[in-house]
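Please read it alongside the sequence and coordinates shown here.

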Amino acid sequence: MPWHALELKYLFASRARYSATETSSKSVKARGSYLRVHFKNTRETAAAIKGLTLKKAVQYLEAVKDHKRCVPFRRFSGGVGRTAQAKEFGATQGRWPVKSAEFVLGLLKNAESNAEVKGLSIDDLVVRHVQVNQAPPQRRRTYRAHGRINPYMSHPCHVELTLVEAEKEVPRAETAPAARLTKKRAIQLANKAVKVNRA
């Protein structure tokens, strides 16, 4: 058996491992491996939804598919055009990676199903962790002048995300705030107390 076949055998035999170690009962995970979608576009799309609630993330990706809102390109931004839609993210460059948005939407739907099975509140889920890694490139060929052939590679990716049920905020008790004592004022009060004791 050739070495690369052995490598693939062990690759698929191993259990899926997540880089994030969130294992609480309030969290759900979803992952996709060897996804035939551009790594760079998917990385930027995933970064854009980190920290959003599940509902807002789905709405945002649907808007990206309709070209209503853009995905800001921050890291892989070489040659990316500018758009006014990137202003809301404090960026200037942005695109509308529809295929990446569809793949990430599919993973969010999968995580939502996992949350329903666990009995978590769908409205309180927040995207805590998203990671996109490069997968092995897939090979095709393109034909060039004078009978030559060049590689025509695809750049697939692995995507994993973790959603966590957000903690409910407890309102602070309404009591008068204690006066903050500075170091200088504390010394003054101590000196005053000493004078009173002497008298």
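**Surroundings of Glu160**

Beyond its neighbours within four places in sequence, Glu160 is in contact with Arg17, Tyr18, Ser19, Ala20, Ala30, Arg31, His129, Val130 and Gln131. The model is a predicted one.

- Glu160 sits in strand E7, which spans residues 157–165.
- Glu160 is counted as buried because its relative accessibility is 6%, and the cut-off for buried is under 20%.
- One of the residues in contact with Glu160 is His129, and the side chains of these two residues make a polar contact at 3.0 Å.
- Arg31, also in the contact list of Glu160, forms a salt bridge with Glu160, with the closest N and O atoms 3.7 Å apart.
- This pair links distant parts of the chain, with Glu160 in strand E7 and Arg31 in strand E1, 129 residues apart.
- The two partners have separate burial classes: Glu160 is buried at 6%, whereas Arg31 is partly exposed with a relative accessible area of 27%.

**Other salt bridges**

- The whole structure contains 5 salt bridges, and the bridge between Lys26 and Glu165 has an N to O distance of 3.2 Å.
- That pair also links distant parts of the chain: Lys26 is in the loop between helix H1 (3–13) and strand E1 (27–35), Glu165 is in strand E7, and they are 139 residues apart.
- Lys26 counts as partly exposed because its relative accessibility is 39%, while Glu165 is buried at 11%.
- A further salt bridge joins Arg69 and Glu88, whose closest N and O atoms are 2.9 Å apart.
- Arg69 lies in the loop between helix H3 (54–65) and strand E2 (71–72), and Glu88 lies in the loop between E2 and strand E3 (94–95), so the pair ties together parts that are 19 residues apart in sequence.
- Arg69 is partly exposed at 29% relative accessibility, and Glu88 is partly exposed with a relative accessible area of 48%.

**Cysteines**

- The count of disulfides is 0.
- Cys70 is buried, with a relative accessible area of 0%.
- Cys157 is buried, with a relative accessibility of 0%.

**Nonpolar core**

- In soluble globular proteins, nonpolar side chains tend to be buried together.
- In this model, the largest nonpolar core has 33 residues, and those with the most contacts inside it are Ile49, Tyr60, Leu61, Leu108, Leu161 and Leu163.
- Elements giving two or more residues to this core are E1, helix H2 (39–49), H3, helix H4 (98–118), strand E4 (125–134) and E7.
- H4 provides the largest share of the core, 7 residues.
- Leu163, one of the residues with the most contacts inside the core, is in contact with Lys26, Ser27, Val28, Leu54, Leu108, Ala111, Leu125, Val126, Val127 and Arg128, leaving aside its neighbours within four places in sequence.

Technical notes. Residues are numbered from 1 along each chain as its sequence is written. This is a predicted model: local features need pLDDT of at least 70, side-chain atom pairs count only at pLDDT 80 or more; totals for chains, interfaces and linings use all residues. Side-chain values use heavy atoms; hydrogens and water are left out. Helices (H or I, at least four residues) and strands (E, at least two) are DSSP runs, numbered from the N terminus. Buried means under 20% relative accessible area, exposed over 50%, partly exposed in between (1.4 Å probe, protein chains only). A polar contact is a pair of N or O atoms within 3.5 Å; within protein, one must be able to donate a hydrogen and the other to accept it, and residues adjacent in sequence count only if both atoms are side-chain atoms. Contact means heavy atoms within 4.5 Å. A disulfide is a pair of cysteine sulfur atoms within 2.5 Å. A salt bridge is a side-chain nitrogen of Lys or Arg within 4 Å of a carboxyl oxygen of Asp or Glu. A nonpolar core is a set of buried Ala, Val, Leu, Ile, Met, Phe, Trp, Tyr and Cys residues joined through side-chain atoms within 4.5 Å.
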